[in-house]
Amino acid sequence: MKYKTIYDNLIQKRQREVPEGYTEEHHILPRSLGGSDTKVNLVRLTAREHYMTHYLLMKMQEPKSDSYFSMLRAFLMMQVQHGDNRYIPSHKFELLRKIDSE
């Protein structure tokens, strides 16, 4: 699967169109991979998109590399924050984040 293409297309879409409603800030190039907190490296995403981008970032890395494990930890942390469920589908993650923001 072309994870990088999917990731790039989503980021480019959100750079052109900021989503309505609840959004989260996402580092386009994660800090753990050399990214910065500059405005050009940040984009607003829905909670579901944010969840999906972290999955895509993990899948884009060379398996068992340092960058893979870094992205895996970041992706798993998104799930750990929300209760005892071991796996949270992206639509449930988005719902929980919206509820939490209110």
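Glu49 and Arg14 form a salt bridge in which the closest N and O atoms are 2.9 Å apart. The structure described here is a predicted model.

What is the relative accessible area of Glu49? The value is 10%, and because the limit for buried is under 20%, Glu49 counts as buried. Leaving aside residues up to four places away in sequence, Glu49 touches Leu10, Arg14 and Pro19. The side chain of Glu49 also reaches the backbone nitrogen of Thr46, at 2.9 Å.

## How α1 and α2 pack

Two packed helices are described by the angle between their axes and the distance between the axes. Helix α1 covers residues 3–16 and helix α2 covers residues 47–60. Their axes come within 9 Å and cross at roughly 145 degrees. The crossing of α1 and α2 is left-handed.

Which residues of α1 and α2 meet? From α1 they are Tyr3, Lys4, Ile6, Tyr7, Leu10, Ile11 and Arg14. From α2 they are Glu49, Thr53, Leu56, Leu57, Lys59 and Met60. By type, the residues of this contact divide into eight nonpolar, one polar and four charged.

## The other salt bridges

How many salt bridges does a search of the whole structure find? The search finds three. One of them is the pair of Glu49 and Arg14 already described.

Another brings together the side chains of Asp8 and Lys4, at 2.8 Å from N to O. Asp8 and Lys4 are both in helix α1, and because they are four residues apart, about one helical turn separates them. Asp8 is partly exposed, with a relative accessibility of 26%. Arg31 and Asp37 also form a salt bridge, and here the closest N and O atoms are 3.8 Å apart. Arg31 is exposed, at 53% relative accessibility.

## A positive phi in a loop

Most residues other than glycine have a negative phi. Lys64 is not a glycine, yet its phi is positive, at about 65 degrees. Where does Lys64 lie? Lys64 is in the loop between α2 and α3, the latter being residues 66–80.

Is Lys64 buried or exposed? Lys64 is exposed, because its relative accessible area of 72% is over the 50% limit.

Note on methods
Residues numbered from 1 in each chain as written. Predicted model: local features only at pLDDT ≥ 70, side-chain atom pairs only at ≥ 80, totals over all residues. Heavy atoms only, no water. Axes fitted to C-alpha atoms, helices over the stretch in contact; angles between N-to-C directions. Helix = DSSP H or I, 4+ residues; strand = E, 2+ residues; numbered from the N terminus. Left-handed = near helix turned anticlockwise from the far one by under 90°. Contact = heavy atoms within 4.5 Å. Nonpolar A, V, L, I, M, F, W, Y, C, P; charged D, E, K, R; others polar. Buried < 20%, exposed > 50% of the residue type's maximum accessible area, 1.4 Å probe, protein only. Polar contact = N/O pair within 3.5 Å; in protein donor to acceptor, adjacent residues only side chain to side chain. Salt bridge = Lys/Arg side-chain N within 4 Å of Asp/Glu carboxyl O.
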